[in-house]
Amino acid sequence: MKHLNKLLVAVLMVMGLSSHAQDSNNPWAISLGVNAIDTRTSASPEHVGWLEQHFSQPFDVKNNWNILPSVSYLKVSRYIGDNFSFGLTGSVNKITKAVYFRPTAVGHDGRGMIVTNPGDLMYYGIDGDIRYSFMNLIKSKVIDPSLTVGGGYVFLGRDSYGTVNPGAGLTFWFSEVVGLELATKYKKSFGPREDFNGVIDSPSHFQHSVGVIFKFGGKDTDGDGIYDKDDACPEVAGLKEFNGCPDTDGDGIIDSEDACPEVAGLASLKGCPDADGDGITDAEDACPNEAGLAALKGCPDADKDGVADKDDKCPSVAGPKENAGCPWPDTDKDGVADKDDACPDVAGPASNKGCPEVTAEAMSNIKLEARSIYFNSGKATFKTADVPARLDAISKIVKDFPTASFVIEGHTDSDGSDAYNQKLSEARANAVKDALIARGISASKLTAVGYGESKPIATNRTAAGKAENRRTEVNLK
């Protein structure tokens, strides 16, 4: 007995250390405690009613119950599904109170019963049973009533015999794995009771027990209190509300579905944070503390010019990206940006690259000045001293129209041959062209053409007329 107690205490400690959570998850259970044997039920005479025979003195502990003052039973059971479990129980006791029906014996009670010590008989029982739990049916997590049925074998002194064992139990669970177990079973014997000479044979009897029960056997790889079979993340500790999966940042989104598992965020952004509330996660937001536009990676654009304020040198005035968000300057305010304006200091229409178009008045002045440039007879040299001033005037007007091109026409009088006059007229046109180039006019804007004597503006019959015909004219190209 001493060694049995030590063994049971060791089993108790091991089970206490290895126990975990739920019932179906922990299919194994071990219970141990104290049992009591009551032989009163087999002592009544046959004429006594069944109920009276079995239940007339059910709680006469002092007179009828045999109790060993130590751990005296050990049961191991396994859950097999649908509220059923199968168990094997080993028990030990010592019979010091045997109840007999001996109405002639000295000391019998009013029913003819007498309690004697049959010689401290050792009792050993081995039982197997099927248990049905009603805990799920009554939807309780604490109270666990049950019924059992099974059979066993009893060793009592020199005798041994089989029994059929109906029973009932009531367990109070202190936690999911530890409980207090109360049980009783009637062990019906089919052997003889005794021979009236004080020799006990095969009594039917009640066996009551009280003890602690531990459930174990569930596998919880990650140690989060949720067993692997119910754990969606069995190798990573998690939370019950997420079926055992972790939520490291506590934002209500499990790590496996959280794009930012270590930083609390929004479900709409797959668990990532959005400090400025612009719908762009902080990790992808170039301006995480200022609400902005997705097209600008979360940065604001106050002037709506498509350039983020942080990159916009003119954040309150719309401007192109090519100019860092600033509008292109338009010095002459003609609506043509300086970069596209061939005449940035002089207003002009966009159709003429921002340059003024040559007016009729300007052309009239050019023509007037050009016709007043006279040449020496038979030469491409200027005749009068005022020619430089006239060339200056033409140059100034031409410079006002940078995009305009001009044709300089050379003309002669009728003296000389046609071929000579053609060559002379070309020389005179080039003389004017060279004089204008010398005054800063681009050669690309000037074309020199000679018409010889073919386009007179006066008669060639007089000296005065011939002088007028020896001229140049300037026209728009």
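**Figure 1. Helix α6 and its surroundings.** Helix α6, residues 418-438, comprises 21 residues and spans 30 Å from its first C-alpha to its last, close to the 30 Å expected at 1.5 Å a residue (the expected span being 1.5 Å times one less than the number of residues). The model is predicted: local features need pLDDT of at least 70, side-chain atom pairs count only at pLDDT 80 or more, and totals for chains, interfaces and linings use all residues. Residues are numbered from 1 along each chain as its sequence is written, and side-chain values use heavy atoms, without hydrogens and water. Helices (H or I, at least four residues) and strands (E, at least two) are DSSP runs numbered from the N terminus. Buried residues of α6 include Asn421, Leu424, Ser425, Arg428, Val432 and Leu436 (buried: under 20% relative accessible area, 1.4 Å probe, protein chains only). Their cover includes α5 (387-399), β12 (406-410), β13 (446-450) and β14. Just after α6, Gly440 adopts a positive phi of about 100 degrees.

Figure 2. Arg471 lies in the loop between α7 (463-469) and β14 (472-476). Arg471 counts as buried because its relative accessibility is 2%. Beyond neighbours within four places in sequence, its contacts (heavy atoms within 4.5 Å) include Arg371, Phe375, Glu409, His411 and Lys455.

**Figure 3. Charges over rings.** Lys455 lies over the face of Tyr451, 4.0 Å from the ring centre. The charged end of Lys339 sits over the ring of Trp328, at 5.1 Å from its centre. The criterion requires NZ of Lys or CZ of Arg within 6 Å of the ring centre and within 35 degrees of the ring normal.

Terms used. Buried < 20%, exposed > 50% of the residue type's maximum accessible area, 1.4 Å probe, protein only.
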